[in-house]
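I opened this notebook to record what I looked up in one structure, going from element to element and writing down what I found.

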Amino acid sequence: MKKLMGSWLAGVALAALAATGAQAQMSDGAIKIGVLTDMSSLYTDLSGAGSVLAARLAVEDFGAAAKGMKVEIISADHQNKADVGSTTARSWYDVEKVDVIVDTPNSGVALAVNEVTREKNKVFLVSGAASSDLTGPKCSPNTVHWTYDTWALANGTGNAIVKTGGDSWFFLTADYAFGHALERDTEAVVTKNGGKVLGKVRHPLNNADFSSFLLQAQSSKAKIVGLANAGGDTTNAIKQAAEFGIVKGGQSLAGLLVFLTDVHGLGLQTAQGLIMTEAWYWDMTDANRAFAKRFAAANKGIHPTMIHAGVYSAVTHYLKAVEAVKSDADGKAVVEKMKATPTDDSLFGKGTIRKDGRKVHDMYLFEVKKPAESKGPWDYYKLRSTIPAAQAFRPMAEGNCPIAG
Amino acid sequence: MAAESALSTTAAGGGDRNAERTFAIGFAIMLGFFVLSPLAIYPIFLMKVMCFALFACAYNLLLGYVGLVSFGHAAFLGAAGYVAAHSAKVWGFPPELAILAGTASSAVLGAVFGWLAIRRQGIYFAMITLALAQMLYFFCLQAKFTGGEDGIQAVPRGHLFGLIDLAQTMNLYWVVLAIFAFGFLVIYRTIHSPFGQVLKAIRENEPRAVSLGYQVERYKLLAFVLSAALSGLAGSTKAILFQLATLTDVYWAMSGEVILMTLLGGLGTVFGPVVGAFIIIGAQNYLAKYGSWVTIIQGFIFVVCVLAFRRGVVGELGRYLRRSL
């Protein structure tokens, strides 16, 4: 018993030591990138370990080591819980001396990290989270929203569908910040184009059984069932909708946020004909294809989604700004530099970052290929139209962002 | 005869004094640890430990000293967090009032839950508390003001009494330490009061306590409300600390975690829950990089604890030192 007691005490002492150790190691000589993402749940395929890889590739390609900049990357799982995310962000900034947090799918978590980052004057580069509030009422001088947002999705997919006759909608919405924002932004597009919303139902995040929600969608008689959710929730809903014969019954599904990995999971047989808005697709340019090849080789053959590409692009631009400012200490100053410098990288090409923190680039409307059209795995999208950068994102004046001025 | 009784009273008096001295030493060590440790350990982590230690101590008051197994204590922690966060953010309450509001709401909630639950014993009591807590969880998931999955975010820490800026980490640290010490002493005082004696009598033999003329239900209810209020104090402090109130704190897993902390530290010991909270929160914090393995490690620790030292860390230490800690 005494021995056990001894080991307990030793354990407590060790924990204390570990804490002091962590503080002693910190060095401000290095740029520390923290990839905060979903490593175990419904968003792990479209972000997860792939985002860590994308950040690493960006650091390699930037040639940080050759330029004498020491860059470290750490990562953590936020478990899709706002409290876990904000606690991790806080201790990363305080103890681990992290300078920038990237990615963070799940808008609820991202909004929490947004606040912590503002308080600590660090940098937050959002690729995974979608809520347009990040550059709207909750915008921050320390945050850049890189890849896409709910307004852009609604504007792309919503417009395209209403204009091809899908004028009555029923929403199936994930019940948290992201789902609410996506539903709100899409509803605005639908009603603006003369369509109407017949009803909506909210389902919990990471839901397994959509049957009762799908029955409500079916009985609403809406032409379009809009899926205002993402990742595992979207694929589950689409699969179960097929079982309920929703598409056979004459209704169409509109996946408002569908990623390449979701299409891969669904298979072309189920996913064919889905229309979606994305910021990036691997099979569009030679540079994209080269990146995808490298990425897939290091990631069990899984091809990059637009979120992974966004992480790569954002980290590249961040490193450029730090190089120019010659310091990573003042988050606001780095973000200001990022906004002042036009963006230019191999994946997203040329673009700009607006005052409200919104990165602006072209968006694309894709349609999922029929199985016969696809040449093999990961050959899934055909381009329907390009939405030019100037029209792809919410005009700054409509966002109610206090710093947009 | 007279000499003998005199002897026994002095012995008893000496025992009391001994116990008091043990407590004083233990309390001084604990306080000293929390005063000095922020020099070496991340203060936010320590504050989290203190919040959970207070929560576990409040739970221990019920489980360790009245023998009531509540499986719904997360409701008090979480509800108080929501009330404190909402009142600080939306109504602009200063932190001290926000914390008071949270604590008061948990006390009221505790009175309602307790009033319903103490009519049953054992497993039925546990199930009723669990059911009520799950109802509250569902309410928090659906209600507008709680923000559903997002929780209430960006809660201002504010200025204590309009003077002390709590945005400064160390200022907040001393406030949290004071709240923790206050809650801890309230629990100690309760346990060692005549009221606490009756609670222990109920734990040992409820029919006998009834036969002695005690209205056990009133005692149980009062203990339940006290435990709920102190859990609420912990929850509201936590909400101000992390500037966040979320569903995690009302979820049933949190009720399980507090049982784990209490058992691991030592059921029915004053200091046990504090040690238990330190171990569990420490494990969650420093093992976080192993992701979902944390729960497996927790389970393993629990099994080892139940098999090897059933009295918990402090319970075994107390037995070794022949002191009641």
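Predicted model: local features only at pLDDT ≥ 70, side-chain atom pairs only at ≥ 80, totals over all residues.

The buried residues are T150(A), W151(A), A152(A), L153(A), A154(A), N155(A), G156(A), T157(A), G158(A), A160(A), I161(A) and V162(A). I then checked the length of helix 5 of chain A, which reaches 19 Å from its first C-alpha to its last, close to the 20 Å expected at 1.5 Å a residue.

I looked up the open sheet of three strands in chain A, whose order is 10-14-15 and whose pairing is antiparallel. Strand 10 (275-278) and strand 15 (381-387) of chain A each have a single partner strand and stand at the edges, so one side of each is left without a neighbour in the sheet. From one strand to the next, the twist averages 30°. Between strand 10 and strand 14 (residues 363-368) of chain A I found four bridges in the antiparallel sense, and M276(A) has F366(A) in strand 14 of chain A as its bridge partner. Helix 5 (residues 150-163) of chain A packs on this sheet and touches strand 10, strand 14 and strand 15 of chain A, its direction making about 150° with that of strand 10 of chain A.

I placed G179(A) in helix 6 (residues 177-192) of chain A. Is G179(A) buried or exposed? G179(A) is buried, because 31 other C-beta atoms lie within 10 Å. Leaving aside neighbours within four places in sequence, I list T173(A), A174(A), A228(A) and N229(A) as contacts of G179(A). Of these, I followed up A228(A), which is 49 residues from G179(A) in sequence but 5.3 Å away in space, C-alpha to C-alpha.

Helix 2 (residues 48-62) and helix 12 (residues 306-325) of chain A pack at an angle of about 35°, and their axes are 8 Å apart. I recorded the crossing of helix 2 of chain A and helix 12 of chain A as right-handed. By class, their contact has eleven nonpolar, four polar and no charged residues.

How values were computed:
Residues numbered from 1 in each chain as written. Chains lettered and ligands numbered in written order. Pairing = 2+ DSSP bridges. Helix = DSSP H or I, 4+ residues; strand = E, 2+ residues; numbered from the N terminus. Axes fitted to C-alpha atoms, helices over the stretch in contact; angles between N-to-C directions. Contact = placed C-beta atoms within 7 Å. Buried ≥ 20, exposed ≤ 12 C-beta atoms within 10 Å, placed from the backbone. Expected span 1.5 Å × (residues − 1). Left-handed = near helix turned anticlockwise from the far one by under 90°. Nonpolar A, V, L, I, M, F, W, Y, C, P; charged D, E, K, R; others polar.
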